[in-house]
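Here is a short note for someone opening this structure for the first time. Please read the points with the model in view.

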Amino acid sequence: MKITSYFVKVGTRLPLFRSPEQERLLGELFVFADQPISLSELAGRAGTSLGGAHKEVERLESAGLVRSTTVGRNRLIEANSSSPVYTELRGLLLKTLGPEPLLRAGLADVKGIEDAFIYGSWVDPSERSPADIDVLVVGDPDVGEVYDAASAVEAEVGRPVNVTVRSPTEWAEADGSFERAVKSGPRIDLR
C-alpha cells in the first residue's frame with residue numbers, strides 16, 4: 001500500500017486544529033508557501049473547496065494568524081510572520097507536515113537515487129506519536145550526500161531521520177523480514 005500525499009495522514013498527528021481543512025491550509029501557508037498565494041491556489045493546494053478556504057481564511061485572519069491583500073481580482077494570502085505565535089505554530093506544522101516535502105526536496109538533487117520513500121511508524125495510521133522518520137533509498141547515490149540531506153531535514157523538523165540505502169539489486173533480490181515488512185507496509189513515495 002502506498003500513501004502518496006501527507007494529506008492522507010492529516011489529523012492523525014496533531015489533534016490541535018479545529019478541522020483537517022484548517023490544518024492543511026495552515027500547513028500550506030506556514031510551511032510550504034514561500035510567497036503570498038491566491039485564495040483559489042490555496043484551496044487547490046490544500047484540497048478543499050474555495051468557499052471552505054474563504055471561510056477558514058476569514059477566521060485565521062481575524063485571529064491574526066494570516067494576512068491578505070487584494071491585487072486586481074486576486075486575494076493573496078500569507079502567514080502573518082509578525083504574529084506572536086508564528087514561530088511556534090510554524091514549528092508544530094513543520095514537525096507534523098514537513099518531513100515529506102522537505103525530504104523530497106533534499107533528495108531531489110542527489111544523483112543515483114532510483115527510488116526513495118518514508119516507511120515505518122511515520123506512515124502507520126495506528127501510530128499516534130512516532131518519534132522518528134524512517135527512509136529507504138534505493139540506488140547507488142553518494143551516501144554522504146544522502147545523509148547530509150537527511151541531517152538537514154532532521155534539524156528542521158526536530159525528529160531523527162533514519163536512512164537505509166540499498167542498491168537496486170539488493171532491494172530487488174532481498175527477501176528478509178525487513179524487506180518484506182517494508183515492501184508490504186504503507187509508505188510515502190519521495191521520488
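1. Buried here means under 20% relative accessible area. By that cut-off, helix 1 is mostly covered, with 10 of its 13 residues buried. Keep in mind that this is a predicted model.

2. Which residues of helix 1 are buried? They are Gln 22, Glu 23, Arg 24, Leu 25, Leu 26, Gly 27, Glu 28, Leu 29, Phe 30 and Val 31.

3. Strand 3 and strand 4 (residues 74-79) run antiparallel and are joined by 6 bridges. Within this pairing, Thr 70 has Arg 75 in strand 4 as its bridge partner.

4. Now the aromatic rings. A pair of rings is described by the distance of the centres and the angle of the planes. The count comes to 3 aromatic pairs. One of them is Phe 30 with Tyr 86, a tilted pair at 5.4 Å centre to centre, with 35 degrees between the planes. Phe 30 lies in helix 1 and Tyr 86 in helix 4 (residues 86-97), so the pair ties together parts 56 residues apart in sequence. Is Phe 30 buried or exposed? At 2% relative accessibility, Phe 30 is buried. Tyr 86 is partly exposed, at 21%.

5. Tyr 119 and Phe 178 form another aromatic pair. This one is edge-to-face: 5.8 Å centre to centre and 80 degrees between the planes. Tyr 119 is in strand 5 (residues 113-119) and Phe 178 in helix 8 (residues 177-184), so the pair links distant parts of the chain, 59 residues apart. Tyr 119 counts as buried at 11% relative accessibility. Phe 178 is partly exposed, with a relative accessible area of 28%.

6. Two charged side chains also lie over rings. Lys 183 is over the face of Trp 171, at 4.8 Å from the ring centre. Arg 187 is over the face of Phe 117, at 4.3 Å from the ring centre.

7. Next, look at strand 6 (residues 133-139) and strand 7 (residues 161-166). They run parallel, joined by 6 bridges. How does the chain get from strand 6 to strand 7? It passes through helix 6 (residues 143-157), and this β-α-β crossover is right-handed. Across the pairing, Val 138 stands opposite Arg 166 in strand 7.

8. Finish at Ser 167. It is placed in the loop between strand 7 and helix 7 (168-173). Ser 167 counts as buried, at 17% relative accessibility. Which residues does Ser 167 contact, leaving aside neighbours within four places in sequence? They are Val 138, Gly 139 and Asp 140.

Key: Residues are numbered from 1 along each chain as its sequence is written. This is a predicted model: local features need pLDDT of at least 70, side-chain atom pairs count only at pLDDT 80 or more; totals for chains, interfaces and linings use all residues. Side-chain values use heavy atoms; hydrogens and water are left out. Two strands pair if DSSP finds at least two bridges between them. Helices (H or I, at least four residues) and strands (E, at least two) are DSSP runs, numbered from the N terminus. A crossover is right-handed if, with the strands pointing away from the viewer, the path from the first strand over the helix to the second runs clockwise. Rings of Phe, Tyr and Trp (its six-membered ring) pair if their centres lie within 6.5 Å; planes under 30 degrees apart count as stacked, over 60 as edge-to-face and the rest as tilted. Buried means under 20% relative accessible area, exposed over 50%, partly exposed in between (1.4 Å probe, protein chains only). A charge sits over a ring if NZ of Lys or CZ of Arg is within 6 Å of the ring centre and within 35 degrees of the ring normal. Contact means heavy atoms within 4.5 Å.
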